[in-house]
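Good morning, and thank you for making time for this presentation.

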Amino acid sequence: DFSLHRIPAASTGDNAKDNGLSIPRLVDINSDGIPDVVYAGDLKGNLWKFDITSSNVSNWGVAFSGAALYTAKYTPDANTSSPQPITTAPSVRPNDRFLASGEPVGGMMVAFGTGRNLTEGDRTDTSRQTIYSVLDNTRYKVIESGADKGKVAVDSSTVTPTAVGTGTSALVEQKEDSGPKDGAGISANRVFWQMTQNSVDFSTKKGWFFHLPATGERLLKPMQFHDTSNILMMWTQVPASGGNSVEETCTPSPQEERQFRTFLNIMDGRRPGVQVMDSNGDGLFNALDQQVSRMQTSKGAQSPVIGKDLIKVRGADGSLDTFARLPEQPFRPSWRQMQ
């Protein structure tokens, strides 16, 4: 037997109306097979964290005293701000960086992207969307006695859990660092870009962001970790548009889907430490590939085949992209994400 327990993300105000909570990410902190926290975004741009650590469901609720961990808004100037909807599950990894003092940053990096394609008008929407990775600085301890013995609880003795809030003043920006670079050889039908390599000082900053540069580009598919590393592999799309599906028309002008693949580290948004894209198409992954980590790829579904040294991904149009595997696997953390 089981029962359902309802946890409203917001019960009053604008966030309580038409917020459309997206796919959640469940995280098991102590590897006991039971999720402890849940992250999920909504159509208002809020990234929520739900604390379900207690064995008593009446103690479950929204972390940070009911506030969102982060609220995504695009603010091109001081007078304009627009919410950025979240429709895919976030990706989570423990922060493995250190402060200048030698102390570990701790907490978890929670990465997510914005954008939607749910309505007729969404197809041609050109509002700016963004990839974010923000720090949830919450620390945990194992309960040693009582009804919750063995479970985890928030440990505020050294760090006070604090929501990141909204805006980008506490985040570092990453962006395309150069104009497009045409591929060659077996990559002749591809276009590549370098990315900036700005560092994140976690003593003053809480993560990073990357405004998606193509007009209409957005994240509609869950991000994955490349070769189980800290490198996020993301597919972003400019959706296809054409005749109105409700009424036959020739407007807007038909446009095929465009899809991009970008590799960025969840910790700081920097490119992978080794070259994973083959921009000059010679079958090697080295300095001749110009340190690119973003490319335009084939549209539609992507089917990966993992080999000993390479990951080959075939697009819906039959074209093939090849990526290098990483030379080392990261240390396995003592928690796991649950689908």
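I shall begin with the chain as a whole and then turn to backbone geometry and salt bridges.

This is a predicted model, in which local features need pLDDT of at least 70 and side-chain atom pairs count only at pLDDT 80 or more, while totals for chains, interfaces and linings use all residues. Residues are numbered from 1 along each chain as its sequence is written, and side-chain values use heavy atoms, with hydrogens and water left out.

Let me start with the overall architecture. The protein chain contains 26 strands and zero helices. Both are DSSP runs numbered from the N terminus, with helices being H or I of at least four residues and strands being E of at least two. Along the principal axes, the C-alpha atoms fill a box of roughly 65 × 50 × 50 Å. The radius of gyration of the protein chain is 21 Å, which agrees with the value near 20 Å that a compact globule of 339 residues would have. That radius is taken over C-alpha atoms, and the globule rule is 2.2 Å times the number of residues to the power 0.38.

How much of the chain is buried? Of the 339 residues, 46% count as buried; buried means under 20% relative accessible area, exposed over 50%, and partly exposed in between, with a 1.4 Å probe and protein chains only. Among contacts between residues at least 6 apart in sequence, 60% join residues at least 24 apart, a contact being heavy atoms within 4.5 Å. The accessible surface comes to about 16,700 Å², and 51% of that surface belongs to carbon and sulfur atoms. These areas come from the Shrake-Rupley method with a 1.4 Å probe, and for residues only the protein chains shown count as cover.

Now to the backbone. Most residues other than glycine have a negative phi. Phe64, however, has a positive phi of about 55°. This residue is in the loop between strand S4 (61-62) and strand S5 (70-71), and Phe64 counts as buried because its relative accessibility is 14%. Asp227 also has a positive phi of about 55°, although it is not a glycine. Its place is the loop between strand S19 (224-225) and strand S20 (231-238), where Asp227 is buried at 9% relative accessible area.

Which residue forms a salt bridge with Asp227? The partner is Arg325, with the closest N and O atoms 2.7 Å apart; a salt bridge is a side-chain nitrogen of Lys or Arg within 4 Å of a carboxyl oxygen of Asp or Glu. Arg325 lies in the loop between strand S25 (320-324) and strand S26 (336-338), so the pair ties together parts that are 98 residues apart in sequence. Arg325 is partly exposed, with a relative accessible area of 27%.

The whole structure holds 11 salt bridges. One of them joins Lys299 and Glu256, at 3.6 Å from N to O. Lys299 is in the loop between strand S22 (292-297) and strand S23 (302-306), and Glu256 in the loop between S20 and strand S21 (258-265), so this pair ties together parts that are 43 residues apart in sequence. Lys299 is partly exposed at 34%, whereas Glu256 is exposed at 58%. Glu120 and Arg123 also meet in a salt bridge, at 2.5 Å from N to O. Finally, Asp96, Arg97 and Asp268 are linked in a network of salt bridges.
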